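Please look through the sequence and the model first, then turn to the points grouped by topic.

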Amino acid sequence: MNVSSIEQPKPKEYKDIFSFFLTALLGASINFVSQIFYRNYFDYATSVLCGYLTATVLTFLPTKRYAFAAAKTGNTAREAIKFLVIALVALIVQVYVSKYTLEWVANPLFPTASDLWREKGSHVVGMGMSFMANYFGHKLLTFRSTGVYDKLRARAPRQNEEQL
């Protein structure tokens with residue numbers, strides 16, 4: 001097998017992933033700090049959810065501008081909606097991957113480790129999968145014109161005329 005024929009990632013792709021990683025690090029920091037604040041008022045699960053949502057809202061513009069260089073697209077409202085949808089999908093990914101990693105991997109393979117280590121290790125795995133879901137979702141859908149909106153908009157006036 002000739003491995004030289006395998007297409008290697010381009011330097012721009014490395015830059016994109018690194019930039020996204022930095023904005024994700026900002027989001028993780030916001031999530032961590034705000035969760036501590038929310039914990040004073042809510043139970044643990046609700047404070048985690050509120051922290052995640054706070055980080056999602058506060059990292060939209062840095063992600064748009066720096067990670068995907070989409071500052072001047074003119075589609076900010078559409079991108080914000082897609083950003084929130086992708087973030088919610090990634091939240092679901094994080095919750096279920098964390099839950100099943102704990103249940104199927106950490107608990108059976110590391111029964112003598114403390115609950116804290118098993119839970120935090122599983123949470124980190126979930127966060128990693130959430131990071132990947134966010135990155136590819138935003139790269140492929142959020143900050144890219146898919147043409148769906150334009151097709152829907154082009155159809156809307158014709159449908160109104162047909163009803164008259």
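**Briefing on selected residues**

Leu25 is partly exposed, with a relative accessible area of 45% (buried means under 20%, exposed over 50% and partly exposed in between, with a 1.4 Å probe and protein chains only). The model is predicted: local features need pLDDT of at least 70, side-chain atom pairs count only at pLDDT 80 or more, and totals for chains, interfaces and linings use all residues. Residues are numbered from 1 along each chain as its sequence is written, and side-chain values use heavy atoms, leaving out hydrogens and water.

**Helix H1**
- Leu25 belongs to helix H1 (helices are DSSP runs of H or I with at least four residues, numbered from the N terminus).
- Between the C-alpha atoms of Leu25 and Thr59, which are 34 residues apart along the chain, the separation is 9.8 Å.
- Ser34 also lies in helix H1, which covers residues 11-39.
- Ser34 is buried, because its relative accessible area is 11%.
- Leaving aside residues up to four places away in sequence, Ser34 touches Gly51 and Thr54 (contact means heavy atoms within 4.5 Å).

**Helix H4**
- Val125 is found in helix H4, residues 115-142.
- Val125 counts as partly exposed because its relative accessible area is 37%.

**Aromatic rings**
- The whole structure holds 10 aromatic pairs (rings of Phe, Tyr and Trp, the last by its six-membered ring, pair if their centres lie within 6.5 Å; planes under 30 degrees apart count as stacked, over 60 as edge-to-face and the rest as tilted).
- Phe20, Phe21, Phe131, Tyr135 and Phe136 are linked into a cluster by ring pairs.

Technical notes:
Helices (H or I, at least four residues) and strands (E, at least two) are DSSP runs, numbered from the N terminus.
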